[in-house]
Amino acid sequence: MDADELLKNAKAVANNMSEYQHNLPQDTPDDREFPEAARTELLDECEEQYEQLQQLQNEITLAESESPQNPPNQAADRASALRAELKEWLEIQPNLLSSNPEVLLAVGKEELPRLNKQLEMVLSCSQAKRDKLKEVLKSEQKWLEEKKEVLKAATEQVIVLQQENDRLSEKGVLEDMKKKVQKVKDYQDSLLETLGDILAEHFPLPVQEGNANKKKKGITTEPRADLISLHDILELLMNKFVETPHEPYVMINETFWPPYIEMLLRHGIASRHPEDCFKIRLEAFY
Amino acid sequence: MSLKPYSKLPELNTANVLLVENEEEFQKRLSEAIVRQENSVNVTVRLARCLPLPVENAEGRPRIDLVVFIVHLRSEQSLLSTEASLKHLDSGYFLGKVCFLVTGARSGTVSYERLASIKRTAASLNCPLLMTEDKTTEGVHTAAQRVLNILKVSAGLVPMASGLYLSTLIRCSMPTDSDWQNQD
């Protein structure tokens, strides 16, 4: 324990002391009030003890001078001394300090402040210990909080990783692929639709018989009634190209309107068979 | 004439300790520390270079309650002087009124033979052996405190305890050979 801490606590205890100081009895009356009878009794007792001591001392001196100077035997001496002490302890009877109440009171008064002092020290000591433990508790709690947070973060991380794992697994990949395919299909559909719209809007079949046209060319043959639209031509080409990639050529027949074929060939969308000029194919764009 | 433990009457609330040290360098500091620390009991410290004590002032000398032999492991002379002094002590002192104070045991240059020797002596006499530090103030303070504790018991100032009893509990035990082999 810290000395500073101890000092602090001691000060705190001292402050507490002052709070209940007025509850304490007054200081012990000084010796003058001590009854003469008790004093005499004590002195008598002391005299008695001293006499006994002197008697014992005489006995010791006597024994020492009597005993011959035999070579000292440590172990034996020790053993007998210990045995004697043990015997003494076994036989000893606790005796009352004194039967005089005045004497006992004085002794008690002397003893109590000492006890009080010791207990105060114990108190301050345990308070310091308690404070220390509180601090430890606080830090431990903080530590626990931190650990909890770490656990939370780790759990989240685990969940994220699991999701990732699921995504990367076979099923996940399949699912992903399907989604992509669907997306591409949708895109394709929309593209086809847009293409169809554009074709329908900007490339109509020559159905109208413009008078000016007739007058100019004069002998221009009437367009056939069963001509197919540009849209259909493209569809044919594309289907052929996809269905039989080894043989993507389509025979040109009467239903194909020649200007459209010309346009496709000129803009590099279609190309003729190198040997058979009646066959065309879709240009390989890939 | 050897020193006897019970040849004189004890005095009230008094404890007398005799510090025996050949070099006379540590005992003065130690005695000051002892006297400074104790205030409830009247402690007198007597210093001696070696035993036996001079006969001239034997009459005026109070009863010695504890004899402390200070041994410096740094010097061989310290050990030899202590061994010689031991012979002049009455066997009654060895029943709990002698203790050994060893200094310098921490220094690596000290030969283990010396430490083993003093340990063997202490063990054969069943006396406590205190390892102390004499270079620092704190070490001296601690040594004084330990000597004082033993002194109070051996002077009979602690109820329900006697020097014989205490020394039986804290006596130095005989070093075994393996202890020294391990340290080598």
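View 1. B:K28 counts as exposed because its relative accessibility is 51%; exposed means over 50% relative accessible area, buried under 20% and partly exposed in between, with a 1.4 Å probe and protein chains only. The model shown is predicted; local features need pLDDT of at least 70, side-chain atom pairs count only at pLDDT 80 or more, and totals for chains, interfaces and linings use all residues. Residues are numbered from 1 along each chain as its sequence is written, chains are lettered from A and ligands numbered from 1 in the order in which they are written, and side-chain values use heavy atoms, with hydrogens and water left out. B:K28 lies in helix α1 (residues 26–37) of chain B. Between B:K28 and B:V45 there are 9.4 Å in space, C-alpha to C-alpha, and 17 residues in sequence.

**View 2. The fold of chain B.** Six helices and five strands are found in chain B; these are DSSP runs numbered from the N terminus, helices being H or I of at least four residues and strands E of at least two. Their order from the N terminus on is β-α-β-β-α-β-α-β-α-α-α. Of the 184 residues in chain B, 50% are buried. Among contacts in chain B with a separation of 6 or more, 79% join residues 24 or more positions apart, a contact being heavy atoms within 4.5 Å.

**View 3. The packing of helices α4 and α5 in chain B.** Two packed helices are described by the angle between their axes and the distance between the axes. Helix α4 (residues 137–154) of chain B packs against helix α5 (residues 163–170) of chain B at about 140°, and the axes are 8 Å apart. The arrangement of α4(B) and α5(B) is therefore oblique. Axes are lines fitted to C-alpha atoms, for helices over the stretch in contact, and angles run from 0 to 180 degrees between N-to-C directions. Angles under 35 degrees count as roughly parallel, over 145 as roughly antiparallel, 65 to 115 as roughly perpendicular and the rest as oblique. On the α4(B) side B:I150, B:V153 and B:S154 take part, meeting B:G163, B:L166 and B:I170 of α5(B). Four residues of this contact are nonpolar, two are polar and none is charged.

**View 4. Salt bridges within chain B.** A salt bridge is a side-chain nitrogen of Lys or Arg within 4 Å of a carboxyl oxygen of Asp or Glu; over all chains the count is eight. One of them joins B:R49 to B:E24, with the closest N and O atoms 3.3 Å apart. This pair links distant parts of the chain, 25 residues apart: B:R49 is in the loop between β2 (42–48) and β3 (66–72), and B:E24 is in the loop between β1 (14–20) and α1. B:R49 is partly exposed at 43%, and B:E24 is partly exposed at 41%. In another, B:E76 and B:R114 meet at 2.9 Å, N to O. Here B:E76 belongs to helix α2 (residues 76–86) and B:R114 to helix α3 (residues 112–124), 38 residues apart. B:E76 is partly exposed at 39%, whereas B:R114 is buried at 18%.

**View 5. The interface of chain A and chain B.** The contact involves 14 residues from chain A and 18 residues from chain B. About 1500 Å² is buried between the two chains, 59% of it on carbon and sulfur atoms. A:Q57, A:Q74 and A:R78 supply 42% of the area that chain A buries against chain B, more than any other three residues. Buried area is the accessible area (1.4 Å probe) that two parts lose on being put together, summed over both. Zero salt bridges are found across this interface.

Technical notes:
Ala, Val, Leu, Ile, Met, Phe, Trp, Tyr, Cys and Pro count as nonpolar, Asp, Glu, Lys and Arg as charged, and the others, Gly among them, as polar.
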